[in-house]
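I open my notebook on this model and write down what I looked up, entry by entry.

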Amino acid sequence: MVVKVLIIEDEQTVRDNLVAYLEDEGFVVFPASSAEEAMELLGCDPQVAVVDIRLPGMDGNQWIS
């Protein structure tokens, strides 16, 4: 089974490292730099989301709600 992971992280280095690690472990990863960008990726139907709480604009808590 392929597990799809949505990553919402505004710091590019952190986001890139998470993507690289998870892809190496066999996950399909959909990165987003903001909660607003992540809303557009919900069509990818992720099973897991890794969400930074402190984001510009809509924060991680708002996105989770």
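I first looked up L6 and found that L6 stands opposite F30 in strand 2. Strand 1 (residues 4-8) and strand 2 (residues 28-32) run parallel and are joined by 5 bridges, where pairing takes at least two bridges found by DSSP, and strands are DSSP runs of E with at least two residues, helices runs of H or I with at least four.

I noted that this is a predicted model, in which local features need pLDDT of at least 70 and side-chain atom pairs count only at pLDDT 80 or more, while totals for chains, interfaces and linings use all residues. Residues are numbered from 1 along each chain as its sequence is written, and side-chain values use heavy atoms, with hydrogens and water left out.

Next I turned to helix 1 (residues 12-24), which makes a right-handed β-α-β unit with strand 1 and strand 2; right-handed means that, with the strands pointing away from the viewer, the path from the first strand over the helix to the second runs clockwise. Which residues of helix 1 are buried? I found R15, V19 and L22, buried being under 20% relative accessible area and exposed over 50%, with a 1.4 Å probe and protein chains only. They cover an arc of only 75 degrees around the axis, which puts them on the same side of helix 1, the arc being that of the directions from the helix axis to the C-beta atoms. T13, N17, Y21 and D24 are exposed on the other side of helix 1.

Just after helix 1, I recorded a positive phi of about 100 degrees at G26.
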